[in-house]
Amino acid sequence: RQRQMCIRDRYMVDVVDVTPSQAGTAVAVWTGVGLLGDLLLIPLLKRVPGLRYLQLSAVLELLLFPTFLLVPSFVLKLMALALLGLFNAGWYSILKAQLYSSLPGRSGTVMAMDNIFGLVGALIPWGLGLVAQRFDLRVTMWLLLSGPVALLVGLPRRARTDSA
C-alpha cells in the first residue's frame with residue numbers, strides 16, 4: 001500500500017499537475033478512506049465470506065482505477081481515489097488470514113513464505129521505476145491494474161462460505 005501511495009503522489013504532481021500540497025491531500029484521502037474501509041470491513045465479513053469480498057472488490061477496483069486515471073478533474077480524481085481506498089481495504093489482512101487458515105499449526109512456514117515473497121515483492125517498485133523512466137509515469141500507472149487482475153486470477157473460482 002505504501003508503494004502505491006508513493007507512485008500515486010508522484011503521479012498527482014508530475015502527470016495531473018497539481019501542487020505537492022494537493023498531492024498530499026490525495027494521499028491523505030486515499031489513506032483515510034482506506035482506514036475507514038478497514039473499520040467497516042469487520043462487520044461486513046460477518047455476513048460475507050472474505051474470498052467473496054476480495055473477488056467483488058477486485059472487480060470494482062478494475063472499474064475504478066481506469067476511471068481514476070482517465071477523469072481530468074482533480075476533484076473527480078479525489079472521489080475515485082477515495083472509492084479505490086475504500087474497496088481495497090482488507091486485501092492484505094484477508095489474504096494473510098487465508099494463508100494462516102490453509103496451513104494450521106504451521107505459522108513458522110507462513111512467516112518464512114512471507115519473508116521470501118516479501119523479498120521478491122520488494123523488487124516491484126524498482127521495476128515500476130524502470131518502466132516509468134523508460135516510458136512514462138502514465139504507462140506505469142496502468143501497470144498497477146495488474147494487482148486486481150492477479151487477485152482475480154489467483155483466487156479460487158468458488159469462495160468457501162467459511163472463509164475469513
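Visitor: What share of the 164 residues of the protein counts as buried, and what makes a residue buried?
Guide: The share is 35% of the 164 residues. A residue is called buried under 20% relative accessible area, exposed over 50% and partly exposed in between, with a 1.4 Å probe and protein chains only. This is a predicted model, in which local features need pLDDT of at least 70 and side-chain atom pairs count only at pLDDT 80 or more, while totals for chains, interfaces and linings use all residues. Residues are numbered from 1 along each chain as its sequence is written, and side-chain values use heavy atoms, with hydrogens and water left out.

Visitor: How much accessible surface does the protein have, and what part of that surface belongs to carbon and sulfur atoms?
Guide: The accessible surface is about 9900 Å², and 68% of that area belongs to carbon and sulfur atoms. The areas come from the Shrake-Rupley method with a 1.4 Å probe, and for residues only the protein chains shown count as cover.

Visitor: Which elements make up the protein?
Guide: There are 9 helices and 0 strands, in the order α-α-α-α-α-α-α-α-α from the N terminus on. Helices are DSSP runs of H or I with at least four residues, strands are runs of E with at least two, and both are numbered from the N terminus.

Visitor: How do you know whether α6 and α7 are parallel or antiparallel?
Guide: Helix α6 (residues 107-121) and helix α7 (residues 123-134) pack at about 15°, with axes 5 Å apart. Therefore α6 is roughly parallel to α7. Angles under 35 degrees count as roughly parallel, over 145 as roughly antiparallel, 65 to 115 as roughly perpendicular and the rest as oblique. L119, V120 and G121 of α6 meet L123, I124 and P125 of α7. This contact has 5 nonpolar residues, 1 polar and no charged. Ala, Val, Leu, Ile, Met, Phe, Trp, Tyr, Cys and Pro count as nonpolar, Asp, Glu, Lys and Arg as charged, and the others, Gly among them, as polar.

Visitor: What makes α5 and α6 oblique to each other?
Guide: Helix α5 (residues 91-102) and α6 pack at about 135°, with their axes 10 Å apart. The pair is therefore oblique. The contact joins Y92, K96, L99 and Y100 of α5 to S107, V110, M111, M113 and D114 of α6. By class there are 6 nonpolar, 1 polar and 2 charged residues. The axes are lines fitted to C-alpha atoms over the stretch in contact, and angles run from 0 to 180 degrees between N-to-C directions.

Visitor: Why are S57 and W91 called buried?
Guide: S57 has a relative accessible area of 1% and is therefore buried; W91, at 15%, is buried as well. S57 is in helix α3 (residues 50-70), and W91 is in α5. Residues up to four places away in sequence aside, S57 touches F87 and W91, while W91 is in contact with Y53, L54, S57, A58, E61, P148 and L151.

Visitor: How do you know whether Y11 is buried or exposed?
Guide: Its relative accessibility is 3%, so Y11 counts as buried. Y11 lies in helix α1 (residues 2-14). Beyond its neighbours within four places, Y11 is in contact with V16, F68, L69, K77, L137 and M141.

Visitor: What class does the accessibility of S146 give, and what class does that of D17 give?
Guide: S146 is at 45% and therefore counts as partly exposed, whereas D17, at 64%, is exposed. S146 is in helix α9 (residues 146-154). D17 is not a glycine, yet has a positive phi of about 65°. Most residues other than glycine have a negative phi.

Notes. Contact means heavy atoms within 4.5 Å.
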